[in-house]
Amino acid sequence: MVEIIADHDGDTWRAVYTVRFGEAVYVLHAFQKKSKRGIATPKRDIDLIRSRLAEAERLHRERQN
């Protein structure tokens with residue numbers, strides 16, 4: 001997975017999580033970081049990313065068969 005962080009007009013975008021499988025790039029999640037404290041990604045976002053990664057892996061396996 002790759003995390004891209006971008007700042008724009010004082011806002012931080014904890015931006016895009018992607019994962020590559022050969023010929024495909026899956027965008028797992030993109031969101032604006034709202035908290036002014038800490039740099040950690042909120043647990044609910046981490047859980048969503050993990051869930052979407054599992055789904056991307058499943059889809060990729062299906063397409064390989």
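His60 is buried in the predicted model, because its relative accessibility is 14%, below the 20% cut-off (buried, under 20% relative accessible area; exposed, over 50%; partly exposed in between; 1.4 Å probe, protein chains only). The model is a prediction, in which local features need pLDDT of at least 70 and side-chain atom pairs count only at pLDDT 80 or more, while totals for chains, interfaces and linings use all residues. Residues are numbered from 1 along each chain as its sequence is written, and side-chain values use heavy atoms, without hydrogens and water.

His60 lies in helix 1. Helices (H or I, at least four residues) and strands (E, at least two) are DSSP runs numbered from the N terminus. Beyond residues up to four places away in sequence, His60 touches Phe21, Glu23 and Tyr26. Contact means heavy atoms within 4.5 Å.

The largest nonpolar core has eight residues: Val19, Phe21, Ala24, Tyr26, Leu28, Ile49, Leu53 and Ala56. With residues up to four places away not counted, Ala56 touches Phe21, Tyr26 and Leu28.

Asp45 is also placed in helix 1. Asp45 is buried but has no salt bridge. A salt bridge needs a side-chain nitrogen of Lys or Arg within 4 Å of a carboxyl oxygen of Asp or Glu. The nearest side chain of opposite charge, Arg44, is 4.5 Å away. Lys and Arg count as positive, Asp and Glu as negative; His and the chain ends are not counted.

Note on methods: Core = buried A, V, L, I, M, F, W, Y, C linked by side-chain atoms within 4.5 Å.
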